[in-house]
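Visitor: I have a structure to go through and I'm new to this. Can we take it piece by piece?
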Amino acid sequence: MEPGCQKLPLEKIGAFSQLFLDYINKSDSLKPFYNQYPEIENFKKLIEEKSFSSEKRQTLVAELHKQYAYLDSKPDIDILLSDKTFAVTTGHQLNIFTGPLYIIFKIVTVINLAKKLKEAYPEYNFVPVYWMATEDHDLEEIQVCRAFGEKRKWTTPQTGAVGRMTTQGLPQLAAQLGKGADFFKNAYQNNDNLADAVRDYMHHLFGQYDLITLDADSRALKSQFASVMEDDILNNTSFDLVNTRTAEIEALGYKTQITPREINFFFLEDGLRERIVKTETGFEVLNTEITFSEEEILSIIENEPEKISPNVVLRPLYEEWILPNLAYIGGPSEVPYWLQLKPVFDFYKEAFPTLMPRNFGLLLDERSAQNLEKLNLNLEDIFKATDTLKAQHVKSESEKELDLQAELKSLHSLYAEILKKADKIDITLSRTTKAFETKSVDLLERLEKKLLRAEKRNYSEALSKIEKLREHLCPAGGLQERKDNMLNFYGEGNELIEKLIASFDPLEYQFNVVSI
């Protein structure tokens with residue numbers, strides 16, 4: 001196995017939707033659904049299209065200084081004051097201990113993209129931004145971490161937006177993970193809420209690469225979005241726009257990711273994030289006794305906009321509204337759902353960013369690489385089902401004839417001749433003949449499986465190794481990047497991050513197998 005980073009086509013991994021793959025491959029049918037394809041030469045157009053006022057820059061910079069005030073150091077925030085500075089952004093929920101590896105991959109992608117853009121357009125500045133989804137309220141989705149072969153779960157009775165939750169219990173959980181997790185422990189111990197703790201450890205991991213971590217759960221930032229809040233709540237504009245675009249995408253045979261609501265905002269308070277819905281007399285917050293008249297909800301939008309929280313339909317627009325952003329870096333579910341949203345951006349006259357897939361990858365340790373070689377497996381084999389790999393290994397290693405495909409072909413030919421004779425005698429016998437053929441084929445295929453099963457017993461040691469290798473590299477049959485935490489590979493230094501920064505190319509849409 002060669003060292004470094006080897007690339008595989010995404011189609012070979014078997015883990016991506018057709019809509020996502022067709023987007024990557026520049027399908028003509030999808031071009032009406034986005035702005036610019038993510039290629040380096042297209043960023044010039046994106047720069048020209050993006051309008052971002054000095055007032056917005058000042059508000060953003062002031063908010064970021066406020067959010068970073070408790071840290072000993074901070075990235076260059078003031079660079080965002082310049083009209084020559086633009087952002088490239090990725091985002092995710094506040095999973096404990098960063099969550100699965102792919103969240104790290106997202107951030108590495110956005111850091112590398114900013115570097116590439118600076119090289120291509122030296123007259124401009126490009127800032128990598130991590131948008132913390134602090135307002136998300138799906139605790140179940142973020143409270144588990146898979147590290148060192150075990151699932152670690154943060155159990156807390158807290159509800160509402162996860163960014164506002166206290167970190168109670170997390171320092172103790174971090175202590176179980178060994179010395180390599182000390183920076184997590186310190187972040188959870190030294191901060192009152194999850195949002196501040198995540199910013200703390202993200203700065204520890206990526207501060208040297210100028211990453212800016214943003215919490216958009218802010219009165220100052222949301223006040224800029226008040227006009228959209230009012231229009232969506234009163235006029236339900238996005239509902240029809242997204243439904244129409246969704247129908248257009250589905251008419252091409254694709255499955256879509258998100259469904260708009262008539263009102264695409266939640267009501268947000270400490271311990272509470274629930275949908276706002278229209279009633280006969282005004283508005284109410286689902287699963288509560290909270291109600292508003294139209295006048296009252298307009299007053300909240302004007303005076304307490306931090307209590308209004310966008311859902312998945314309007315969060316992307318909010319992001320672009322408050323950032324001088326050119327690109328959103330997302331995963332195989334995010335990029336497709338953004339394709340449903342361009343009409344909303346067009347309506348509100350906000351530039352639609354380029355949609356960039358994050359880097360995808362697998363970290364291949366030396367022992368696993370050696371086992372692949374010993375078992376005569378290549379990189380693409382890693383992503384096949386375990387049973388498929390076992391059968392493949394036995395068939396390639398065995399000197400015995402285990403394949404009955406020639407016999408099956410002969411069987412079909414035999415029944416074709418029998419069918420001709422049967423038709424001449426009684427046309428109604430054709431159905432009986434075909435039924436016998438189906439039964440005979442089934443018996444022969446079952447026999448072939450028994451032959452393979454019997455021969456597998458002679459290769460039990462190798463097959464056991466394949467099973468363990470597959471579970472190690474593809475836990476529970478899924479991609480490693482969606483299951484394993486970075487701590488499995490991090491050690492006590494920043495070598496892992498440096499390796500990923502050096503290995504990943506943000507504009508190369510392939511699957512990376514990184515030797516570590």
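Guide: A disulfide is a pair of cysteine sulfur atoms within 2.5 Å. This is a predicted model, in which local features need pLDDT of at least 70 and side-chain atom pairs count only at pLDDT 80 or more, while totals for chains, interfaces and linings use all residues. Residues are numbered from 1 along each chain as its sequence is written, and side-chain values use heavy atoms, with hydrogens and water left out.

Visitor: How many disulfides does the structure hold?
Guide: The structure holds 0 disulfides.

Visitor: Is Cys145 buried or exposed?
Guide: Buried means under 20% relative accessible area, exposed over 50%, and partly exposed in between (1.4 Å probe, protein chains only). Cys145 has 2%, so it is buried. Cys5 has 24% and is partly exposed.

Visitor: New topic. What order do the strands of the open sheet take?
Guide: Helices (H or I, at least four residues) and strands (E, at least two) are DSSP runs, numbered from the N terminus. Two strands pair if DSSP finds at least two bridges between them. The open sheet has 5 strands in the order S10-S9-S8-S7-S11, with antiparallel pairing.

Visitor: Which strands stand at the edges?
Guide: Strand S10 (291-292) and strand S11 (308-310) do. Each has a single partner strand, so one side of each is left without a neighbour in the sheet.

Visitor: And how many bridges join S7 and S8?
Guide: S7 (residues 265-269) and S8 (residues 272-278) pair over 4 bridges, in the antiparallel sense. Phe267 stands opposite Glu274 in S8.

Visitor: What about S3 and S6, parallel or antiparallel?
Guide: Strand S3 (residues 125-132) pairs with S6 in the parallel sense, over 4 bridges. Tyr130 has Thr213 in S6 as its bridge partner.

Visitor: Which way do the residues of S6 point?
Guide: In S6 (residues 212-215), Ile212 and Leu214 point one way, Thr213 and Asp215 point the other way, and all are buried. In a regular strand the side chains alternate between the two faces of the sheet.

Visitor: Now a helix. How many residues of H8 are buried?
Guide: 11 of the 13 residues of H8 are buried, so the helix is largely enclosed by the rest of the structure. Among them are Arg199, Asp200 and His203.

Visitor: What span should H8 have?
Guide: The expected span of a helix is 1.5 Å times one less than its number of residues. For H8 (residues 194-206) that should be 18 Å, and its end C-alpha atoms are 18 Å apart, which agrees.

Visitor: Last one: where does Gln93 lie?
Guide: Gln93 lies in the loop between strand S2 (85-92) and helix H4 (101-120). At 12% relative accessibility, Gln93 counts as buried.

Visitor: What does Gln93 touch?
Guide: Contact means heavy atoms within 4.5 Å. Not counting residues up to four places away in sequence, Gln93 touches Tyr130, Ala133, Asp136, Asp138, Glu141 and Ile142. A polar contact is a pair of N or O atoms within 3.5 Å; within protein, one must be able to donate a hydrogen and the other to accept it, and residues adjacent in sequence count only if both atoms are side-chain atoms. The side chains of Gln93 and Glu141 are joined by a polar contact of 3.0 Å.
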